[in-house]
Amino acid sequence: MEFFACYLLSSCNPVYLDYAYIGFTVNPSRRIRQHNGELVNGAWFTKKRRPWQMVLCVYGFPSKVAALQFEWAWQHPEKSKLLAHRKEHFRGRIGRAFLLRAKFAILHEMLHCKPWCHFALTVHLFSRERYEDLVKSFAFTRAGGSGYALMEIPPSMSRVFGGFEMLDALCGNGIDDEDVLNFASYWGSAQRPEGAPGTATEEEPEEEEEDTVVDVDLLCYLCSKPIEP
């Protein structure tokens, strides 16, 4: 099976501490070097917030489309139809949307939603200590009265701890999101829609613009064709 992964970064810059970024890649060890400026093609969003640390990545998607759908929903949980039934559970309870803690909580929500709950996914965590600290932060918040309970990773999925060397053997010689000319052309269009999967758009605290993106919730994750509403 080809290797497609979605990853979560956290900024180590004191000015932007715990700012988060979500992306898609076929090679995590190369991708983190791109984000940190060691290699070309790092996303524009991450340049001023360097250095970055990769907190985790999720892999095991049946196709590239499935991974890109997951990435888009993770970046835009309020807009994804696949998460509509979970919004009341996390809205206003997980902190500021652009920070690591919120992205971490959304991931755990998504792993319980269709179609992803039916995938044989693996959540690869690069630091056990960082993972345990994030989990504990929700326990403390819940005790303080927020009412939010972090969901567990489903037992049908795998959770592993380790470094990039564990993933290198799984990676092929594919291309990352920044290497694709544009996502619109991937679907046969001539123009890239702003904010489409594989771009560097993320929620910013300073300003939020209306997103005019292709609705990837309505694309089949197996054949890539639009699903009739």
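**Close-up views of a predicted model**

**View 1. Strands β1 and β3 pair in the sheet.** β1 and β3 run antiparallel and are joined by seven bridges. Strands count as paired if DSSP finds at least two bridges between them. Strands (E, at least two residues) and helices (H or I, at least four) are DSSP runs, numbered from the N terminus. Ala-5 stands opposite Tyr-59 in β3. The model is predicted: local features need pLDDT of at least 70, side-chain atom pairs count only at pLDDT 80 or more, and totals for chains, interfaces and linings use all residues. Residues are numbered from 1 along each chain as its sequence is written, and side-chain values use heavy atoms, with hydrogens and water left out.

**View 2. The open sheet has five strands.** Their order is β2-β1-β3-β4-β5, and the pairing is mixed. β2 and β5 (158-161) are the edge strands, each pairing on one side only. Neighbouring strands are turned against each other by 20 degrees on average, direction ignored. Axes here are lines fitted to C-alpha atoms, for helices over the stretch in contact; angles run from 0 to 180 degrees between N-to-C directions.

**View 3. Edge strand β2 is buried.** Six of the six residues of β2 are buried, so the strand is largely enclosed by the rest of the structure. Buried means under 20% relative accessible area, exposed over 50%, and partly exposed in between (1.4 Å probe, protein chains only). Both faces are covered. Ala-20, Ile-22 and Phe-24 lie on one side, with Tyr-21, Gly-23 and Thr-25 on the other. Six bridges join β2 to β1, and the two strands run antiparallel. Tyr-7 stands opposite Gly-23 in β2.

**View 4. Helix α1 (residues 28-35) lies across β1, β2 and β3.** α1 runs at about 150 degrees to β3. Six of its eight residues are buried, so α1 is largely enclosed by the rest of the structure. These are Pro-28, Ser-29, Arg-31, Ile-32, Gln-34 and His-35. They pack against β1 (5-11), β2 (20-25), α2 (44-47), β3 (52-59) and α7 (165-168). Contact means heavy atoms within 4.5 Å. Just after α1, Gly-37 takes a positive phi of about 85 degrees.

**View 5. Helix α3 (residues 64-75) packs against helix α5 (residues 100-110).** The angle is about 130 degrees, and the axes are 10 Å apart. That makes α3 oblique to α5; under 35 degrees counts as roughly parallel, over 145 as roughly antiparallel, 65 to 115 as roughly perpendicular and the rest as oblique. Phe-70, Ala-73, Trp-74 and Gln-75 in α3 meet Lys-103, Ile-106, Leu-107 and Met-110 in α5. By class, this contact has six nonpolar, one polar and one charged residues. Ala, Val, Leu, Ile, Met, Phe, Trp, Tyr, Cys and Pro count as nonpolar, Asp, Glu, Lys and Arg as charged, and the others, Gly among them, as polar. α3 also lies across β1, β2 and β3, running at about 170 degrees to β2.

**View 6. Helix α5 is mostly covered.** Eleven of its eleven residues are buried. Among them are Leu-100, Arg-101, Phe-104, His-108 and Glu-109.

**View 7. Arg-128 is found in helix α6 (residues 128-143).** At 47% relative accessibility, Arg-128 counts as partly exposed. Arg-128 and Val-160 are 32 residues apart in sequence. In space they are 9.2 Å apart, C-alpha to C-alpha.
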